[in-house]
Amino acid sequence: MRRVRILAQCRKELLQFRRDRLTLGLAFLLPLLTLLIFGFAIRLETKVIPIVVQDFDRSPLSAAYTDRLFATDQFRPAPWRGGGDPVAGAIDPGLARAAVIIPSEFSRRLKAGQPVEVQVLVDGTDANNARVIRNSIQGITAFFGADKELIREPPPVRALTRLWFNPGRKESLYIVPGVYAVVLWIFPSLLAAIAMVKEKDKGTILQVYASGISAAELLLGKALAFLLVGASVAVVVMGLGGQIFQLSVVADPTPLLVGTTLYLAAAVLFGLLLGVRSANQNAAVQGVSLVGFLSALLLSGFIYPLSNIPPPLSLVSALIPARYFIVISRDAFVRGTGWAGVWLDVLMILVLGALLYGATLRSLGSLQLGDGGEGGP
Amino acid sequence: MPNSSPAEAAALVVSVEGLHKRHGSRPALTGLEFSVRAGEIFGLIGPDGAGKTSTFHILAGVSEPSGGRVRVLGLAPRAARERVGYLTQQFSQYPDLSVEENLRYMAGLRLVSPEHWRQRRGPLLRRLGLEPFADRLASQLSGGMKQKLALCCALIDRPQLLLLDEPTTGVDPVSRRDFWDVLTTLAEEGVTIVVATPDLVEAERCHRIALMQQGRLESLGSPAELKQELALSRLELQGAAPAAAEPLLCGGAIVDVQTFGDRLDVLVNDAVAGEAQVRELFRRQGLPLLELRHSDPTLENVVVIRQRRQAGELPLLPFPHPAGCRHQRTDLAIDARQLSRRFGAFEAVRQLTLQIRYGEIFGLLGANGAGKTTTIKMLCGLLAPSSGAIVLAGESERLRGPDLLRRIGYMSQKFTLYDDLSIRENLEFYAGVYGIPASLRQARIDWVVASCGLQGQEQLLTAQLPGGWKQRVAFGAAVLHDPEVLFLDEPTSGVDPLARRQFWSLINDFARRGTAILVTTHYLEEAEQCNRLCFMVAGENVIEGSPGAIKAAQPGQVIELLLPPEQLQAATLLLRRHWAAWRVSRFGDRLHLVLDHPEREIDGLRPLLAQAQLSLEGLRRVPPSLEDAFIGTVQRAQARQGERP
């Protein structure tokens, strides 16, 4: 292994990278756009949900209850004129996601110390949000009861919950560190794949084969170049992301530094592997985007909790570096437990990166043309 | 070389024994045997698909042989890579890097020390004339400069062996000549060179050549040996009214006749008997014969005759034209004025004016990137010109209209046949597209199949045909509808010499029937077959006219010098010290010297050569060839304008 060759290869890649507007855009513009789109547009939890309240009681108490429902930014009154069936009038046409129906003897029974039932009808199309709505209304109702001292005997066991790490349930705190994982996986690997497959497209690969460079030198040279590119992408994305979404590192920054470097290396190697395996640039770009986005978005715990992924797929998810990086990233920006909480994830990225390196080296083979004709190895 | 002594074996830079190579199930090389000595220029000569590139891949260590033993510098090719420079057929430097950056990258890969880099960079760039362009991106170099850059990159590590896969294909004649001069000097410095070329005039400059055909080595020897083996003599007939005389020269001692502009080349079994026969024939017919010279056969003769003896010649079948002759037309088939085409800031074609009549063969010549293909695309309406006017077959608008399309034939540089259709399916498809009446279809398709010698193989997938055959079928497909105007974009590139001759017979046949033909070609000797031609350099028309007129317009007199092959390079260098470089050029195995005052200057020539121990075997005045004309014109223009990129 000669350092001179690796450096020559690396310098050449950087020169080519700098000269190509497409790759420059892929490296800096698209990651920022992705960050903004995901950071602003993705909200897993809906806020200001339109609901209707049908109050048959029309008492001061029922009015107080209604006020309580709309006191948080969770719900807002739907534009419904009232009268008639709230299901047919508001939920069916999509004006409201839920209807709360207060019975006529609401105030009377409460004052008499009798239990009363408030009917809540929730649109279950979006199962996640239906659950959120149900929980909120139940919570508000319980709070209303306690507040007005309507419940005389408090339940013997009460769960006192408090949200750690993200007390305001600020969603960007959850989303943005995940976006870092997606962006730093997709774009460095795309760039590396294009750089590798372009040699085949342009026929320059023959010159490389004939030059006596070894597969490892070629691979390390290219990987080093795109690791450097990836690192600058990371600085830009994390820097601007921190500014825009008001995120800062809350713990020991070394796990993030080490983890990001290893993660970028794995991403670049993944791109190089697909580049070696693809016959042309189109195939490489499609392959990286499809596999990259699918794995980094869906199987990484970015959107869906990892625990929800059923067994055969969860094994696949265990092989996805993004899943480990998300843990590192969320820890650095939200949890702040440091090495103690994430050492295993850093180690896993290292292991997966080493596997990718081995696979790419194997695919490059002996740097020769195959017997299939003029194509690649 | 099983029987060679150790000393001989050590001097062998390349030795190949029983080399086999298969690509999938298709054999690419079958039982190759040859060896290359140190300091030799060894030529691999053959058409596309002969196995030249496969051989280079193996010698360069980028692919493994399927069988046999290959040694390069006494090692397995892979182990020898660091001492071998390789120029691939497709340009394989990085287009988005500058000349200097490409060179530096290759120096890095080849572990050239910083000290050596500093020492070698400047002289190497100067030697190949690239120093002024060190910062230019490789994609913005001309074809010739690209190849020089590739050679530079191959030379940065001082290789002992250079592998050059068609380094001059598509390169303009001036750069071509420079390139070969560099190669000759390198060989004298002890670098061994294996070079492939489809150009048989160039091949004369190799010390030894291997003729290849369909993965086999057909013959091997020095050009002189191969010519001797042929056991034929060549008579050059000057000023002999070729058109009238050619059909008469057959039978007796005559084996083959070929017209080169105003010269006739006659191959005869026996020089004396042949001369007697030719002179008798001319006397009886009352034809003029200014000069008759005895000469050796050329390599083209060797290849064509060998192929003919082996495979026989394809018959020249007349095209099944509809009954009745097309009436002769006097209007212009193509009338293009002041055509320009820009791509962004790049001007591919500048102010080009062309007029082509029906029945005329018009040659468009130029290096890769000179603007030939762009011109053709504009003329047949595939590309709109940035400015200028075109009248094509009487139409000035709607050049892509269906009526006009049916009267135009176009054979593009890349194969237009569908690889996954059979030959017959391809032809039927084109017959349908052109709307050929059903009554004529069968006869025409049969004609294509028969004139390609593919009877009984019509069901073969087109992908399975070798390059040269595909080209012939593509030509057939382009003329199926008997077009009035025919565009041929490099129909003969990569085709073997015998098939090239057949191509030209067909082209001539169509022209005689009144078709206007515009043809582009790399081969200058082919241009002699055109009625008129124009030579493009960087999008501009530099010379235009009939081959005769172009040659007549050349200033000075061309003197052809015959010397022993091993002295040619020394003589070239000597003469270039006394005359401007453009006046001295290698032409196959001869030297051409352009003199303004031959009477006075020739007297000084003989003692000059004698002093340098060079033996002049012959000296005569010849009319300039098209290559002389082109090189002279371009270099005089450059001398006037200063260096032009």
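In this predicted model, four strands of chain B line up as an open sheet in the order E24-E25-E23-E26, with antiparallel pairing; strands count as paired if DSSP finds at least two bridges between them. Helices (H or I, at least four residues) and strands (E, at least two) are DSSP runs, numbered from the N terminus. The edges go to strand E24 (584-587) and strand E26 (618-622) of chain B, and each has a single partner strand, so one side of each is left without a neighbour in the sheet. Ignoring direction, neighbouring strands here are turned by 30° against each other on average. Strand E23 (residues 557-562) of chain B runs antiparallel to E26(B), and five bridges join the two. Across from Leu562(B) sits Gly618(B) in E26(B). Helix H21 (residues 598-611) of chain B packs on this sheet and touches E23, strand E25 (590-595) and E26 of chain B, with its direction at about 160° to that of E26(B). Such angles run from 0 to 180 degrees between N-to-C directions, using lines fitted to C-alpha atoms, for helices over the stretch in contact; contact itself means heavy atoms within 4.5 Å.

Chain B also has an open sheet of three strands, ordered E15-E14-E17, again with antiparallel pairing. Strand E15 (346-357) and strand E17 (387-392) of chain B are the edge strands, each with a single partner strand, so one side of each is left without a neighbour in the sheet. From one strand to the next, the twist averages 15°. Strand E14 (residues 332-343) of chain B and E17(B) run antiparallel and are joined by five bridges, and Ile334(B) stands opposite Leu392(B) in E17(B). Helix H12 (residues 372-379) of chain B lies across E14, E15 and E17 of chain B, at about 120° to E14(B).

Then there is the interface. Chain A brings 31 residues to the contact and chain B brings 33 residues. About 3,000 Å² is buried between chain A and chain B, with carbon and sulfur atoms giving 53% of that area; buried area is the accessible area (1.4 Å probe) that two parts lose on being put together, summed over both. On the chain A side, Arg19(A), Gln207(A) and Gln368(A) lose the most area to chain B, together 21% of what that side buries.

Arg19(A) and Glu101(B) form one of them, at 2.5 Å from N to O. This pair crosses between chains, linking helix H1 of chain A to helix H3 (residues 99-109) of chain B. The interface of chain A and chain B has three salt bridges by this rule. Another pair is Glu82(B) with Arg5(A), whose closest N and O atoms are 3.3 Å apart.

Polar contacts are pairs of N or O atoms within 3.5 Å; within protein, one must be able to donate a hydrogen and the other to accept it, and residues adjacent in sequence count only if both atoms are side-chain atoms. Between chain A and chain B, 19 residue pairs are in polar contact (both at pLDDT 80 or more). The elements giving two or more residues to the chain A side that touches chain B are helix H1 (3-19), helix H7 (171-202) and helix H8 (205-210) of chain A. H1(A) supplies the largest share of that side, nine residues. The residues there split into 10 nonpolar, 10 polar and 11 charged, where Ala, Val, Leu, Ile, Met, Phe, Trp, Tyr, Cys and Pro count as nonpolar, Asp, Glu, Lys and Arg as charged, and the others, Gly among them, as polar.

Residues are numbered from 1 along each chain as its sequence is written, while chains are lettered from A and ligands numbered from 1 in the order in which they are written. Local features need pLDDT of at least 70, side-chain atom pairs count only at pLDDT 80 or more, and totals for chains, interfaces and linings use all residues, with side-chain values using heavy atoms and leaving out hydrogens and water.

Terms used
A salt bridge is a side-chain nitrogen of Lys or Arg within 4 Å of a carboxyl oxygen of Asp or Glu.
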